[in-house]
Amino acid sequence: MVRISGPTGPSLPGFSDPGACVDDAMPRLRWAARRSALAAGAALWLAFAAPAHALVIGVTEGVTYRATDNQIEDRFVPIADALSKALRQPVSIKVLSSYKSAREALRQQSVDVAFLHPAHLAFEATRSGGYKAVAWTAGYTAYKVSLLCKDAQPITDWKSIAGKSLVTPDPDSITAVVTRAMLREKGLAEGDLKMATTRYQDAVPFYVQNGFAAYGATASAGVVKAWQAEGGKTCAESRPVPIKQWLASSKLDAATTAQVRDTLLELSGNDAGKRALAASGYSGFVAPSAETERTLTSWLGY
């Protein structure tokens, strides 16, 4: 004999009484269906009501400039808010104040989106396939290293500077990386010059001015301008490099990646976006070039 149990009450009578079976079973079946619908609705409500996973932005603003983590984070809060609104989910900021911590975060893909000042870290991440470029920073797509010097003429015979001294910022800074790429391009190995390093960009002119180095590598427009204002010369310039890049993790779904890209690219086109950009000090973001990325990745030795 088949028995059907409802949410309450006794089992149904046997099928020997067909009329009783139909009359008693239908209310219970309707209640079971209604209970299933309520459960499904509750699950759906909980899915929407539960806090969404916070998208994490990792920010690295270089190691050769002076800025605290709090100062860096404050600059990016309005942009994070704009992304949060567009994505309809929380967005948090994680300042990666050393290149070691940035590389580790990128290796583990512990940040969903990254703003990277040093282009070589960005190229490392995109080459590995863990991230893809979604935007470059307007006004920072042609970052060039200048060699400060006291020479009146530009360098034409690069072999002639072998054995001379050259000072760069931190060896793992993008300025030093670009300088080494420029030397390779000109047929010089790093060991062909007497290399020295200093922590900050604005210390480079001191070495050249006081005779501690024949050449000083810097990519800071402010440092170059101040040097030239004092009568200093620049005797070489590197290829341009997009220095400040936005990357999205390959773990993000295509729709989220596209929304991040579109939001960043559109910030400069509306008042709210311009207000968000104002705190960062940037004028906006532009679409990256895959061809330029490939060429520069190879040129920089990555």
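**A working chat about the cores and a helix pair**

Guide: In this predicted model, buried residues make up 42% of the 302 residues in the protein chain.

Visitor: How many helices and strands are there in the chain?

Guide: The protein chain has 10 helices and 11 strands. Among its contacts between residues at least 6 apart in sequence, 76% join residues at least 24 apart.

Visitor: Which residues touch the most other members in the largest nonpolar core?

Guide: That core holds 28 residues, and the ones touching the most other members are Leu 147, Ile 155, Trp 158, Ile 174, Trp 299 and Leu 300. At least two residues of this core come from each of helix H4 (119-128), strand E5 (146-149), helix H5 (174-185), strand E8 (215-218), strand E9 (233-237) and helix H10 (290-299).

Visitor: And which of them gives the most?

Guide: H5 does, supplying six residues to this core.

Visitor: What is Leu 300 in contact with?

Guide: If its neighbours within four places in sequence are left aside, Leu 300 is in contact with Phe 123, Ile 174, Val 177, Val 178, Ala 181 and Arg 184. There is also a second, separate core, which has 25 residues and includes Ala 80, Leu 83, Ala 135 and Phe 285.

Visitor: Changing topic, at what angle do H4 and H10 pack?

Guide: The two helices pack at an angle of about 110°, and their axes are 10 Å apart. H4 is therefore roughly perpendicular to H10, since angles of 65 to 115 degrees count that way.

Visitor: Which residues meet there?

Guide: From H4, Phe 123, Thr 126 and Arg 127 meet Glu 293, Leu 296 and Thr 297 from H10. Sorted by class, this contact of H4 with H10 has two nonpolar, two polar and two charged residues.

Visitor: Let's take Thr 126 then; is that residue buried or exposed?

Guide: Thr 126, which lies in helix H4, is buried, with a relative accessible area of 13%.

Visitor: Why does 13% count as buried?

Guide: Because buried means under 20% relative accessible area, and the value for Thr 126 is 13%.

Visitor: What does the side chain of Thr 126 reach?

Guide: The side chain of Thr 126 reaches the backbone oxygen of Phe 123, at 3.2 Å. Phe 123 has come up already, as one of the residues in contact with Leu 300.

Terms used. Residues are numbered from 1 along each chain as its sequence is written. This is a predicted model: local features need pLDDT of at least 70, side-chain atom pairs count only at pLDDT 80 or more; totals for chains, interfaces and linings use all residues. Side-chain values use heavy atoms; hydrogens and water are left out. A nonpolar core is a set of buried Ala, Val, Leu, Ile, Met, Phe, Trp, Tyr and Cys residues joined through side-chain atoms within 4.5 Å. Buried means under 20% relative accessible area, exposed over 50%, partly exposed in between (1.4 Å probe, protein chains only). Helices (H or I, at least four residues) and strands (E, at least two) are DSSP runs, numbered from the N terminus. Contact means heavy atoms within 4.5 Å. Axes are lines fitted to C-alpha atoms, for helices over the stretch in contact, and angles run from 0 to 180 degrees between N-to-C directions. Angles under 35 degrees count as roughly parallel, over 145 as roughly antiparallel, 65 to 115 as roughly perpendicular and the rest as oblique. Ala, Val, Leu, Ile, Met, Phe, Trp, Tyr, Cys and Pro count as nonpolar, Asp, Glu, Lys and Arg as charged, and the others, Gly among them, as polar. A polar contact is a pair of N or O atoms within 3.5 Å; within protein, one must be able to donate a hydrogen and the other to accept it, and residues adjacent in sequence count only if both atoms are side-chain atoms.
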